[in-house]
Amino acid sequence: MKKILSPLMLAMALTAAGSAMAQTAPAAPESTLSFNVGGFSEYRYRGITQSRFDPALQGGADYADKSGAYIGIWGSSIKWIKDAGGDSNAEVDIYGGYKFTVGDIGYDVGFLRYEYSGNKLNPSANTNELYGAVTIGTSTVKYSQSTGNLFGFSNSKGSTYLDMTANFDLGGGYSFTPHLGYQMVKGDEARTTDLSYADIGLTL
């Protein structure tokens, strides 16, 4: 026998379906506060070891507002300042920015301060950078530029770092992240060596 759905039953069915859809619809973005801490076999940044190939302790905190604005602080033990003749064994990064999307493209612009308290290097190792990043699918291109001297190199204002990174989900909790970067260090007339270099990373 063929069943006929009455208008009332149809309306009730659509209402129920609408309620179910409303319950499974993505929730609006929420503001989040997160923390991280860990021990690592080495701290390597832009292809160069910061901990003299030794283990490093790291930790940080991030606040992301639902508007897209964010701020954070992160720190790590280091050894390169003392290797360079200075007197600091910690790096503290303070940063803030704004993330947003237009269509399928994600954007990220912000400011990052590398603080090496009491480093005693001349010029100081403390560094400020402005950055901007664009993400399309699994790939991100990021451009950073120093607003003053870069990590203690004299007359290096305006040095830049360009990097391209992809992130592929391999399943089972694994991901593969290839990376290519180029650090351009502005020159000093008294410097006889070009300090600019490229770095490549393959992370599983």
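**Strands and rings**

Analyst: Happy to! Strand β9 (residues 139-146) pairs with β8 in the antiparallel sense, over eight bridges. This is a predicted model, where local features need pLDDT of at least 70, side-chain atom pairs count only at pLDDT 80 or more, and totals for chains, interfaces and linings use all residues. Residues are numbered from 1 along each chain as its sequence is written, and side-chain values use heavy atoms, leaving out hydrogens and water.

User: What's your rule for strands and pairing?

Analyst: Strands are DSSP runs of E with at least two residues, numbered from the N terminus, and two of them pair if DSSP finds at least two bridges between them.

User: OK, and how many residues sit between β8 and β9?

Analyst: Two residues, making a hairpin of β8 and β9. In that turn, G137 has a positive phi of about 65 degrees.

User: Which strand does β8 (residues 127-136) pair with over 10 bridges?

Analyst: That's β7, residues 105-115, and the sense is antiparallel.

User: Switching to rings. How many aromatic pairs are there?

Analyst: Six, counting rings of Phe, Tyr and Trp (its six-membered ring) with centres within 6.5 Å; planes under 30 degrees apart are stacked, over 60 edge-to-face, and the rest tilted. One of them is Y114 with F151, an edge-to-face pair with 5.0 Å from centre to centre and 75 degrees between the planes.

User: Where in the chain do Y114 and F151 lie?

Analyst: In distant parts: Y114 belongs to strand β7, while F151 is in the loop between β9 and β10 (160-166), 37 residues apart.

User: Is Y114 buried or exposed?

Analyst: Y114 counts as buried because its relative accessible area is 1%, and the cut-off for buried is under 20% (1.4 Å probe, protein chains only). F151 is buried as well, at 15%.

User: Which residues do the ring pairs link into a cluster with Y114?

Analyst: Y45 and F151 join Y114 there.

User: One more thing, what sits over the ring of Y131?

Analyst: The charged end of K142, 4.5 Å from the ring centre. The test is NZ of Lys or CZ of Arg within 6 Å of the ring centre and within 35 degrees of the ring normal.

User: And over Y70?

Analyst: There you'll find the charged end of K99, at 5.5 Å from the centre of that ring.

Methods: Helices (H or I, at least four residues) and strands (E, at least two) are DSSP runs, numbered from the N terminus. Buried means under 20% relative accessible area, exposed over 50%, partly exposed in between (1.4 Å probe, protein chains only).
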